[in-house]
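Please work through the exercises below with the sequence and the coordinates open beside you.

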Amino acid sequence: MAQPSRTWIGSRLARMAWLPLCLLLVACHVDMYDQPRYQPNQTSAFFSDGRAMRPPVENTVAMGSFDPNSPLLTGKVNGELTAELPVELTAELLEHGRTRYNAYCAPCHGLAGDGNGVIAYRGDMQVPSLHQDRLRTVAIGYFFDVITNGINRMYSYAARIPPEDRWAVAAYVRALQLSQFANVNDLSAEERQQLGVTGRVE
Amino acid sequence: MAHHGHEPTPGAAAESVAAGYELADIPSSRPIVLFVVAVFGLLVFAFLLGVVLVSIPGAQVRDTSHAVDVNSPQAPPGPRIEADPTVDGERIVREATERLESYGWVNQRQGIAHVPIERAMELLLEKGVRPFEE
Amino acid sequence: MSAQIFPRNANAFVWVSIIGLVALIGATVAALIGLYLSPWYTDVGVPKAQPVPFSHKHHVDQLKIDCRYCHATVERAAHAGFPSTDTCMSCHSQVWTNSPLLQPVRDSYRTGDPILWRRIYDLPDFVYFNHSVHVAKGIGCASCHGRIDQQHLAAKAQPLFMGWCLGCHRNPEENVRPRDEVFNMAFDPLSLPLEERVQLVEAYQIPTDGRLTNCYVCHR
């Protein structure tokens, strides 16, 4: 009785010899590849709105020394736009502001700040130039405020540009304005010569 | 096993067997030579005919006013959509960059100039970010 | 003649069978490896259908928009930052306001429901990758993402095999570029002479003592 049974099992085993090949097809498990945790921008079946990234509850503020009325975060001192930078004005700040400006502002306002950005051209939009008297004489906090809250058709860029970077942009905007509105008397003798000026200009 | 050699086919001439091919198929090389000569002769004749036809005075097209100049294709009548956005984008960036790298007058009478942005950043570090005076 | 159990050609059959079996196994392994490296498995160069047919070529190459305009956290966080609907609408509230292609964007803006974009690069969860450190150390977007500014629909440029990661972690001088060229898609790091790139590696303090190839650098 046992003899035929053994051959029967043996032939069954032999016939299943192809099974290890299936391992090639299933390759491996994916539970290390896709671990039970969320990644940025992933969908979630748990939350009713389907997002894994949770928007903060309204009126949430950061813990610690956060002061919602500080000039650094509002651009205002006692409700008035500040004319002073709440951060130190350095060459690095301006250089940093330049990269931010070129990335976030230049599409519309143009690399030179004249309102001739590629998007403005392409979208046929009238973008105000930064080189107008109103904006040259406005307090620096104004630029911070506009970046933070948007103005007219311009959206807020607060989500994309952190407050310190916004001040860098505001300072760079001043540099841009100065580059297009420099008093000849502030320039060096060589520069004046390049412009064809010898003495002081009144 | 018996050896089967190739027997000469009965009827082939002895000369053909000696030459290795059927001499009767090519009685003479004359027609071949004639054909080649005729083809070359025709080529030379066609070339000369072309030269003569082209050199006849008045045979050229004189009125080229309706011809399309392939070297400078004309743009279709406007209003046009943007033909090459990459070129336009690069032009706008280039113009702004040139403006930001050069010296020039904005208002010569008031002594207002535009300076390279690098220089303006230096000047701003001295001047500070306070609003410009009127 | 005595009875032959095997015909004369049995020897040939044996040899053909042995060689054929070896060749078959070899060919199967080669085919599997080829399949593993092919876009069928890696998705390299295969664009995915997206809710909105966003074109990087149009926005980056033609409109000269900086990468960071949309991928705003690439210099600050591990995740490059995927643009919110608000980012799209900061232009498309003005431009192409009636385009049916942008209807999902407007719907999303109105209802607050996110647009479900399909992920192109999906690293295994056991790999830790940080965008900001690569950007800060002078590794350009194009080094991993290829010339995405020339792609209409986004597709993977690299299969992200571990050997490929290690190649750069072993020889960072092959891919390093000046920091101000990181977001310049057209810049070719190899256009700089090797000495300059080695200097950049040193200036950016990229470790060359082998630390970068330790397992825990990426698997933690």
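Predicted model: local features only at pLDDT ≥ 70, side-chain atom pairs only at ≥ 80, totals over all residues.

**Exercise 1. Describe the interface of chain A and chain B by its extent, its salt bridges and the elements that chain A contributes.**

Step 1. Begin with the contact lists, in which 43 residues of chain A face 38 residues of chain B. The two chains bury about 3600 Å² between them, and 68% of this area lies on carbon and sulfur atoms. On the side of chain A, the residues that lose the most area to chain B are A:Leu178, A:Gln180 and A:Leu195, which together account for 17% of what that side buries.

Step 2. Assign the chain A side to its elements: helix H4 (91–109), helix H5 (118–122), helix H8 (163–179), strand E3 (182–183) and helix H9 (189–194) of chain A each give two or more residues. H8(A) gives the most, with eight residues. By residue class, this side of chain A divides into 24 nonpolar, 10 polar and nine charged residues.

**Exercise 2. Carry out the corresponding analysis for chain C and chain A, now from the side of chain C.**

Step 1. Here 32 residues of chain C are in contact with 28 residues of chain A, and the area buried between the two chains is about 2800 Å², with 54% of it on carbon and sulfur atoms. In chain C, the greatest losses of area to chain A fall on C:Tyr69, C:Gln94 and C:Asp125, together 25% of what that side buries.

Step 2. The count of salt bridges between chain C and chain A is one, and the side chains of A:Arg100 and C:Glu75 meet in a salt bridge with an N to O distance of 2.7 Å. Across this interface, 17 residue pairs are in polar contact, with both residues at pLDDT 80 or more.

Step 3. Helix H3 (56–62), helix H4 (67–70) and helix H5 (85–92) of chain C each supply at least two residues to the side that touches chain A, and H5(C) gives the most, with five residues. The residues on this side of chain C comprise 15 nonpolar, eight polar and nine charged.

**Exercise 3. Explain why the buried residues of helix H6 of chain C lie on the same side of that helix.**

Step 1. List the buried residues of H6(C), which spans residues 103–111: they are C:Val105, C:Arg106 and C:Ser108.

Step 2. These residues cover an arc of only 160° around the axis, and therefore they fall on the same side of H6(C).

Step 3. Among what covers the buried residues of H6(C) is H5 of chain C. After the helix comes C:Gly112, which has a positive phi near 85°.

**Exercise 4. Decide whether A:Arg54 is buried, partly exposed or exposed, and identify its contacts.**

Step 1. Locate A:Arg54 in the loop between helix H2 (19–26) and helix H3 (71–74) of chain A.

Step 2. Its relative accessibility is 40%, so A:Arg54 counts as partly exposed.

Step 3. Leaving aside neighbours within four places in sequence, A:Arg54 is in contact with A:Phe47 and A:Asp49, and the side chains of A:Arg54 and A:Asp49 are joined by a polar contact of 3.0 Å.

Definitions and conventions:
Residues numbered from 1 in each chain as written. Chains lettered and ligands numbered in written order. Heavy atoms only, no water. Contact = heavy atoms within 4.5 Å. Buried area = accessible area lost by both parts, 1.4 Å probe. Salt bridge = Lys/Arg side-chain N within 4 Å of Asp/Glu carboxyl O. Polar contact = N/O pair within 3.5 Å; in protein donor to acceptor, adjacent residues only side chain to side chain. Helix = DSSP H or I, 4+ residues; strand = E, 2+ residues; numbered from the N terminus. Nonpolar A, V, L, I, M, F, W, Y, C, P; charged D, E, K, R; others polar. Buried < 20%, exposed > 50% of the residue type's maximum accessible area, 1.4 Å probe, protein only. Arc of directions from axis to C-beta.
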